[in-house]
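Here is a short briefing on one protein model. Keep the structure open beside the text and find each part as you read.

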Amino acid sequence: MSITRRSFLKTSSTVAAGLAMPAYLRAASIKVSTNDKINVALIGCRSMGWANLSDFLLSDEVRCLALCDIDKSVMESRAKELASMQKEKFELYGDYRRILDRKDIDAVIIGTPDHWHCLQFVDACKAGKDVYIEKPVSNSIAECDVMVEAANKYQRVVQVGQQQRSAKLWKEMIDYLDSGVLGEISRIHVYANFNYAAITEIVPDSNIPEGVDFDTWLGPAPERTFNRQRFHGLWRMFWDYGGGLMTDWGVHLLDMALWAKKIHTMPNSIQANAGNFLYPDGMHETFDTQSVLYQFDDYILTWENNAGIESGPYGKNYGLVFTGKNGTLVANRDDWQVYPEREKVPGKIVKADYQDHKDHVFNFLECMKSRDRNTACTIETGSLCAKYAHLGNIAARMSGVSLQYDDKNKSFNIAEANKYIKPQYREPWKFPRI
């Protein structure tokens, strides 16, 4: 296996203490020629990050020059897979900043937990890298804002991993809704019911597994002991790292609702109620039962999630329901279907071709080459729907009050809610400044 291996750096604190001004902070403008290979690196190799890289490598123009992860066993496993997928040599890193130092890398794929997205994204933009970043773009509203600012200041091409924006299925649905056949849409109901979001098994804290740099995994999040139920795969059910189903599936599905209504601003108000009612003794912090109401002038948008079950309306455990006076349209990633109201419109069903993720990646690559920053899902689009998801969680944590969010002044009408806008980063990590 032709791989140059690098030993893991011990901890982020030790690394940060020894760095005065990392090279990646000295931004460089990187142009990708249509005749050159596109050199990418993956930061966060375990799950969606690896799925993203796998589709990148479907292009003959792409080669991966580096993998970065804090779990040695994950990285070594992925290194073997990558060696079987390409002939080019690549290097392994435990610190993403060493990747950003490299002048030969054009773009990074960020597949780390949500609480790491903002810092890695801003650093990548400052380093002159284009970025494919997993959703949600951040774990807070303030992080959304600074990420948009960074991408625009450094003129980076960004694709947010909301691949439904590249799906023929969803584009055709939007066209159908735009045609007005269903009449005015008075309500959009969005829902997601998934078993994985309820952590029913409570396990005690334990020693950090060998080969895991847990301090770096925590990064800007508060210091905490290790627990396998707060680590791989399940971290998003804890507020310091994620936002449960509201942010995991909410950004995908709320994005379709905002697209359909051409919304680019905040709602008039947000109200929510939630709790851990299905599994009150579960280990998850995020809510297994949640309802959110977003109020607009002439329609309402609602969100519902139930963690620990996988059944739902119209035989779908997740999806969107658009209610019009002439009929109802129900959609998820498999299909969308029209249910006529008293035969006012024809029934209709449209099936997915399941090419959306590959098409999303290839859209990003084409935009890199042309330097077109208007990707299928820009940082502005990703930020908007992430904010909607965060608003839903904040309203739920405020338990039933009516919130209004002033996006210009970055504040709520109720001061107590403001504490959820911006996270407090743990030393030595600093909240990004542009």
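Helix α10 is mostly covered: 11 of its 11 residues are buried. This model is predicted.

**Helix α10**
- The buried residues of α10 include G250, H252, D255 and W259.
- Others among them are V251, L253, L254, M256, A257, L258 and A260.
- Just after α10 comes K262, whose phi is positive, at about 55 degrees.

**The eight-stranded sheet**
- Eight strands form an open sheet with mixed pairing.
- Their order is β8-β9-β10-β7-β11-β12-β13-β14.
- The edge strands, β8 (269–275) and β14 (348–351), each pair on one side only.
- From one strand to the next, the twist averages 10 degrees.
- Helix α10 (residues 250–260) packs on this sheet and touches β7 (185–194), β9, β10 (300–307) and β11 (318–324).
- The direction of α10 makes about 20 degrees with that of β11.
- Strands β8 and β9 (residues 289–295) run antiparallel, joined by seven bridges.
- Within this pair, A272 stands opposite V292 in β9.

- In helix α2 (residues 48–56), the buried residues are G49, W50, N52, L53, D55 and F56.
- An α-helix has 3.6 residues a turn, so residues three or four places apart point the same way.
- What covers the buried residues of α2 includes the strands β1 (38–43), β2 (62–68), β4 (107–110) and β5 (130–133).
- The helices α3 (72–85) and α11 (356–370) are also part of that cover.

**Strands β4 and β5**
- β4 and β5 pair in the parallel sense, over four bridges.
- A107 has D130 in β5 as its bridge partner.
- In a regular strand the side chains alternate between the two faces of the sheet.
- From β5, D130 and Y132 point one way, while V131 and I133 point the other way.
- D130, V131, Y132 and I133 are all buried.

**The second largest pocket**
- The second largest pocket holds about 460 Å³ of space.
- Its lining has 22 residues.
- N139, W239, D240, R397 and P423 lie nearest the centre of this pocket.
- By class, the lining has nine nonpolar, eight polar and five charged residues.
- Helices α6 (141–153) and α12 (379–397) each supply at least two lining residues.
- The largest share, four residues, comes from α12.

- Most residues other than glycine have a negative phi, and most peptide bonds are trans.
- A cis peptide bond joins K135 and P136, with omega about -15 degrees.
- P136 lies in the loop between β5 and α6.
- Another cis peptide bond joins E427 and P428, with omega about 10 degrees.
- P428 lies in the segment after β16 (411–412).
- Y314 is not a glycine, but its phi is positive, near 55 degrees.
- Y314 lies in the loop between β10 and β11.
- Is Y314 buried or partly exposed? Y314 counts as partly exposed because its relative accessibility is 42%, and buried means under 20%.
- R371 is not a glycine either, yet its phi is positive, at about 65 degrees.
- R371 lies in the loop between α11 and α12.
- R371 has a relative accessible area of 22%, so it is partly exposed.

Technical notes
Residues are numbered from 1 along each chain as its sequence is written. This is a predicted model: local features need pLDDT of at least 70, side-chain atom pairs count only at pLDDT 80 or more; totals for chains, interfaces and linings use all residues. Side-chain values use heavy atoms; hydrogens and water are left out. Two strands pair if DSSP finds at least two bridges between them. Axes are lines fitted to C-alpha atoms, for helices over the stretch in contact, and angles run from 0 to 180 degrees between N-to-C directions. Contact means heavy atoms within 4.5 Å. On a 1 Å grid over the protein atoms alone, a cavity is a set of points where a 1.4 Å probe fits but cannot get out, and a pocket is an open set with protein on both sides within 12 Å along at least five of seven lines; lining residues have an atom within 4 Å of a point. Grid points are joined across faces, edges and corners, and a volume is the space filled by probe spheres set on the points. Ala, Val, Leu, Ile, Met, Phe, Trp, Tyr, Cys and Pro count as nonpolar, Asp, Glu, Lys and Arg as charged, and the others, Gly among them, as polar. Buried means under 20% relative accessible area, exposed over 50%, partly exposed in between (1.4 Å probe, protein chains only).
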